[in-house]
Amino acid sequence: MSVTNETWLTSLNDSLMTVIGAVNGVLWGWLLIYLLVAVGVYFTLRLGFIQIRQFKHAVAVLKSGRDVDNGISSYQVFCTSMAARVGTGNMAGVAVALTVGGPGAIFWMWLIALFGMSTAFIESTLAQIYKTKDVDGQYRGGPAYYMEKGLGMRWMGSLFSVCLIIAFGLVFNAVQANTITDALNHSFGIDETVMGVIIVAASAFFIMGGLRKVAAASARIVPVMAVGYLAIALVIVVMNITELPAALSLIVKSAFGWQEAAAGGVAYTIAQAMQSGIARGLFSNEAGMGSAANVAASATPNPNHPASQGFVQMLGVFADTLVICTASAAMIMLSGVMDQPDAASGIGLLQQALTNELGGWTTYFMAAAILLFCFSSIIANYTYAETNIMFLNGNTKKGLFAFRLVVLGMVMFGSVASLPVVWNLADASMGMMALVNIVALLLLSQLAIKVIKDYEVQLKAGKTPEFDRSKFPELDELDGAWHPEGTEPVAAAVTK
């Protein structure tokens, strides 16, 4: 009987893998890639290349939003979204893109990040427009909220929330924990169970404190991990500065197949480079997926206008892909390890590059980088899920403590085990949530663009942009954060 049961379970697992694999093949093989690219191009044109025109202003908005008297600052929100965005994918993912798509993949990674900045602008502005206050007076919002309030489709917001909770709240946190314990076990022989308990304890310390505690922690962790990683990359670039022009030339030539033109197969080469680079960029910066918009809504804007957070999150996409992913690519390409017959794969390729250039001590650096990148992702991913748990529970904390325990359980599970069907399920959930979010973005884009242009008109007139809801009659029935002073519903303004 046990043999029969085992055979049945194996068959069920194989069937699930086949179905989920087919879904992921459609979602991530072509549908979402084309949709996200098309949406990014569309928003870029509608906003007049705002990511280039207003880049300097975006930096100024981020700088001015470091401190607020109450709530969470734009800077803290920026760091929290970066904590979730930046992970081992910025290291291992870039290595895979280079291996599969060649140097040309980096060019397409840059291009999709450039267009993705406008998509991030739109979704973060919408998150601010439709944000509301929870029972503790903390701002909450994101795709689920603008689907319910902006489109009148709570079912759509609920579908998005469930997909995000599965992907970011549960499975991706298990993956991050697995990456930490696996790396430390292989590098230093640290027992995976012991390390898992430590990760769970550290995670509990932050997530039990809620969004504000995670935001404060992210504001400290992210600058350290980013500056340290970029400093190492800069050292390697300086050591190989004479090779930099050739590397940049190779990236451009490979992106368009010029490098391989003489040997034939140009179309295939370009396709491989495009698919690898675009996929890497999309997975890394998450523009259009609706994930970062959940924390973008939590910011207390400075200035007092929904579009201000769009500028901040636009910078998040830039920093993630055009800065950190590029740093990984530079270290690998300039070290020359890709041309070696014994070249490793994945994150091992980056470690090989560091070891060749700077010596064996970089094993410790990589371990520290993985620890910081992955742990910060765990606590930031949790905040995304927390907002969506509260959406499902009517913006109350009902069931939140139990959910935190489930998250910690998944972190422990991921520390000691690996189950491919679960990881594939997370990819499918993330794909579905991205698909739902893209539909909502397109349906609400006219309002977002109108709000953004209102900001720019005031800025051009030399004013500090302020949001006047009377300019937007489509928001007349909206409750929440942007009510004229004194008219916000009492139930939505409960404070501690």
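Q: How do you know how many disulfides the structure holds?
A: The structure holds zero disulfides, a disulfide being a pair of cysteine sulfur atoms within 2.5 Å. The model is predicted: local features need pLDDT of at least 70, side-chain atom pairs count only at pLDDT 80 or more, and totals for chains, interfaces and linings use all residues. Numbering starts from 1 along each chain as its sequence is written, and side-chain values use heavy atoms, with hydrogens and water left out.

Q: Is Cys325 buried or exposed, and why?
A: Buried means under 20% relative accessible area, exposed over 50%, and partly exposed in between (1.4 Å probe, protein chains only). Cys325 has a relative accessible area of 0%, so it is buried. Cys374 is also at 0% and therefore counts as buried.

Q: What places Thr387 among buried or exposed residues, and what does Thr387 touch?
A: With 1% relative accessibility, Thr387 counts as buried because of that value. This residue of helix α16 touches Arg140, Gly141, Tyr145 and Asn294, not counting residues up to four places away in sequence. Contact means heavy atoms within 4.5 Å.

Q: Which residues of α5 are buried, and what follows the helix?
A: Gly93, Val94, Ala95, Ala97, Leu98 and Gly101 are the buried residues of α5. Just after this helix, Gly102 takes a positive phi of about 80°.

Q: What makes a set of residues a nonpolar core, and which members touch the most others?
A: A nonpolar core joins buried Ala, Val, Leu, Ile, Met, Phe, Trp, Tyr and Cys residues through side-chain atoms within 4.5 Å. The largest such core has 153 residues, of which Ile122, Leu126, Tyr130 and Tyr229 touch the most other members. Helix α16 gives the most to this core, with 17 residues. Leaving aside neighbours within four places in sequence, Tyr130 is in contact with residues including Tyr145, Tyr146, Leu444 and Leu478.

Q: Why is one space called a cavity and another a pocket?
A: On a 1 Å grid over the protein atoms alone, a cavity is a set of points where a 1.4 Å probe fits but cannot get out, whereas a pocket is an open set with protein on both sides within 12 Å along at least five of seven lines; lining residues have an atom within 4 Å of a point. One cavity of 30 Å³ or more is present. The largest cavity holds about 40 Å³, and the largest pocket about 1100 Å³.

Q: Which residues line the largest cavity?
A: Its lining is Leu36, Gly40, Ile112, Phe115, Gly116, Thr119, Leu282, Ala287 and Gly288. The elements giving two or more residues to it are α1 (2-46) and α6 (104-129), and α6 provides the largest share, four residues.

Q: How many residues line the largest pocket, and which lie nearest its centre?
A: The lining has 39 residues, with Thr88, Gly89, Val175, Gln176 and Thr179 nearest the centre. Helix α8 supplies the largest share, ten residues.

Definitions and conventions:
Grid points are joined across faces, edges and corners, and a volume is the space filled by probe spheres set on the points.
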